[in-house]
Amino acid sequence: MTVETSAILAHNIQRIRESKGLNRNRCAVGAGVGFNTWKGWELQWHSPRTHHLPNIARVLECSVADLFVNDEPPRVKCDCGQWVEDPGLGGKCPKCGRIRVEFDPPLTAD
Ligand SMILES: [Zn+2]
């Protein structure tokens with residue numbers, strides 16, 4: 001799995017879950033994994049193994065293909081772990097309030 005594909009997958013798992021109003025714990029139980037495993041998928045600490053994909057799709061009530069769709073506006077991941085719709089320079093993370101001043105690293109404190 002490429003880095004880009006991993007990022008899309010992580011992004012979609014979180015996006016679809018939130019769009020359905022599901023919490024991580026419920027999804028993790030439904031997919032037969034631990035809470036930290038699910039959280040790690042969303043935060044891109046690690047990628048799901050292939051055999052997990054059908055279970056993820058089932059608990060998110062979508063198709064496996066939906067997990068790999070890349071039609072969202074670009075997002076960046078803040079240092080705090082929050083996904084932020086790419087706010088461009090000067091944008092703020094809604095979770096920790098850090099201001100995005102550079103592209104790489106995307107967010108810096110203060
Ligand atoms: Zn943040």
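The following legends describe close-up views of a predicted model.

**View 1. Confidence along the protein chain.** The protein chain has a mean pLDDT of 85, and 82% of its residues reach 70 or more. Confidence is highest in helix H4, at a mean of 98, and lowest in strand E1, at 75. Where pLDDT is low, the predicted coordinates should not be read in detail.

**View 2. The largest nonpolar core.** Twelve residues form this core: Leu 9, Ala 10, Ile 13, Ile 16, Cys 27, Ala 31, Trp 38, Trp 41, Ile 56, Val 59, Leu 60 and Leu 67. At least two of the core residues come from each of helix H1 (3-19), helix H2 (24-31), helix H3 (35-42) and helix H4 (53-59). H1 supplies the largest share, with 4 residues. In soluble globular proteins, nonpolar side chains tend to be buried together.

**View 3. Helix H1 and its covering elements.** H1 comprises 17 residues and spans 24 Å from its first C-alpha to its last, close to the 24 Å expected at 1.5 Å a residue. The buried residues of this helix are Leu 9, Ala 10, His 11, Asn 12, Ile 13, Ile 16 and Arg 17. Among the elements that cover them are H2, H3, H4, E1 and strand E2 (83-85). Gly 21 follows H1 and has a positive phi, near 70 degrees.

**View 4. Packing of helices H2 and H3.** The axes of H2 and H3 lie 8 Å apart, and the two helices pack at an angle of about 110 degrees. This angle falls within the range of 65 to 115 degrees, so H2 is roughly perpendicular to H3. On the H2 side, the residues that meet H3 are Arg 24, Asn 25, Cys 27, Ala 28 and Ala 31. Their counterparts in H3 are Phe 35, Thr 37, Trp 38 and Lys 39.

**View 5. The surroundings of Trp 38.** Trp 38 belongs to the largest nonpolar core. When neighbours within four places in sequence are left aside, the contacts of Trp 38 are Arg 24, Cys 27, Ala 28, Ala 31 and Val 33.

View 6. Val 64 is located in the loop between H4 and strand E1 (75-77). This residue counts as exposed because it has 12 C-beta neighbours inside 10 Å, and the cut-off for exposure is 12 or fewer. Beyond its neighbours within four places in sequence, Val 64 contacts Leu 53, Pro 54 and Ala 57. Leu 53 and Val 64 are 11 residues apart along the chain, and their C-alpha atoms are separated by 6.3 Å.

Note on methods. Residues numbered from 1 in each chain as written. Predicted model: local features only at pLDDT ≥ 70, side-chain atom pairs only at ≥ 80, totals over all residues. Core = buried A, V, L, I, M, F, W, Y, C linked by C-beta atoms within 7 Å. Buried ≥ 20, exposed ≤ 12 C-beta atoms within 10 Å, placed from the backbone. Contact = placed C-beta atoms within 7 Å. Expected span 1.5 Å × (residues − 1). pLDDT = per-residue confidence, 0-100. Axes fitted to C-alpha atoms, helices over the stretch in contact; angles between N-to-C directions. Parallel < 35°, antiparallel > 145°, perpendicular 65-115°, else oblique.
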